[in-house]
Structure formats: structure tokens, C-alpha cells
Amino acid sequence: MKKNGGKIHARGQANLETMAIFAAVIIMVLVIAIALPAQASSGEMVRQQSAAKTSVTLLTTTADEVYLAGEGSSRRIWVDMPASFSYADSFIGSHTGSESWSQRKAVSIYLEGVGDVISSGHAPLCGNWPATSGRWQINVVYNDSDPPHVMVNGNC
């Protein structure tokens, strides 16, 4: 009787161990499933931040080149406006609309959840970013009116 009872006990223990292993695997799968979307979201935010940094740096560099070239100078460049950018909080030249041209040398793309991605150059500039996200071609043009400055996407 003892041998038969021992077999039942061993079989019961094996079933219990199998269930414990299965439960541990399910818990690990759940942890991974919860962590992956957060990691993917973080990776997307890094990609958007990188695109914004590339765009603001390209714009200030191009504005400096156009400004130094002088009258008649213009260039077209491609910029990427990330999906999480806020048009209302982004600016070219000055966020406050300062009248002082010496303070209109910065550009910013504001990303929701991150903040401003800023670059500044030497050329005074004014203008507007494209209103929606995506890849856009913009015009960077020298304006020799008083004071000389660089216009981005329009007449200002």
C-alpha cells in the first residue's frame, strides 16, 4: 500500500511542479508583453527627437549660409516635422515675437511630452514651420530690407 501511495504522491508532485513552471512562464510572458509597448513608445520618441534636432540644426546652418551669401541668395531644404510636434509652441526667430532682430536667431520645434528642441545660429531670421507633421520642403531666402535677415517660408 505504501508503494502505491508513493506513486500517487510522486505523480501529484510532478503535476504541481509542471503547473508551477507553466505559471512562471505565463508571468514572464505577461511582463514582456507589458514592457514592449513602453519600450516601443520610448524608441519612437527618441526617433522624433532626433528628427526634430536634425531639422532645427539644418535650418540654422542653412540660414547662416544664405545670410553670408547675401542679396539674391536662397535655398530649399527638406525638414521632418515629427508627429508629436506642436505648431503653436514651435517658432522660427523668436517665440515672443521680439522686435529686436538681434534676438531672432533661434529656432525651436516643441515636442509634446519632451519639450523644446532648439538650435541657434548667427543670422537673424523670421518665418513659420509647416503647420502639420511630415516631410516638407521649405524656402530659406535672404531679405536685404532693413535690417537684413533670412526669411523662412514666406515674407516677413
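Strands β6 and β7 pair in the antiparallel sense over four bridges; strands are DSSP runs of E with at least two residues, helices are runs of H or I with at least four, and both are numbered from the N terminus. Two strands count as paired if DSSP finds at least two bridges between them. The model is predicted, so local features need pLDDT of at least 70 and side-chain atom pairs count only at pLDDT 80 or more, while totals for chains, interfaces and linings use all residues. Residues are numbered from 1 along each chain as its sequence is written, and side-chain values use heavy atoms, with hydrogens and water left out.

**Strand β7 and its partners**

- A hairpin of five residues joins β6 to β7, and Asn-143 stands opposite His-149 in β7.
- Strand β5 runs parallel to β7, and three bridges join them.
- In β7, Val-152 has Gly-127 opposite it.
- In a regular strand, side chains alternate between the two faces of the sheet.
- Both faces of β7 are covered: His-149 and Met-151 on one side, and Val-150 and Val-152 on the other, are all buried. Buried means under 20% relative accessible area, exposed means over 50%, and partly exposed lies in between (1.4 Å probe, protein chains only).

**The disulfide**

- A disulfide is a covalent bond between the sulfur atoms of two cysteines.
- With the criterion of a pair of cysteine sulfur atoms within 2.5 Å, the count comes to one disulfide.
- Cys-126 and Cys-156 form this disulfide, with their sulfur atoms 1.8 Å apart.
- Because Cys-126 lies in strand β5 (residues 125–127) and Cys-156 in the segment after β7, the pair ties together parts that are 30 residues apart in sequence.
- The torsion about the S-S bond of Cys-126 and Cys-156 is about 85 degrees, and therefore the disulfide is right-handed.
- Cys-126 counts as buried at 5% relative accessibility, whereas Cys-156 is partly exposed at 37%.

**The largest nonpolar core**

- A nonpolar core is a set of buried Ala, Val, Leu, Ile, Met, Phe, Trp, Tyr and Cys residues joined through side-chain atoms within 4.5 Å.
- The largest such core has 22 residues, of which Leu-59, Ile-92, Val-107, Ile-109, Trp-129, Val-140 and Val-150 touch the most other members.
- At least two residues of this core come from each of α1 (2–69), β1 (74–81), β2 (85–93), β3 (106–111), β6 (134–143) and β7 (149–152).
- Helix α1 gives the most to this core, with five residues.
- Not counting residues up to four places away in sequence, Ile-109 touches residues including Ala-52, Val-56, Phe-85 and Trp-129, where contact means heavy atoms within 4.5 Å.
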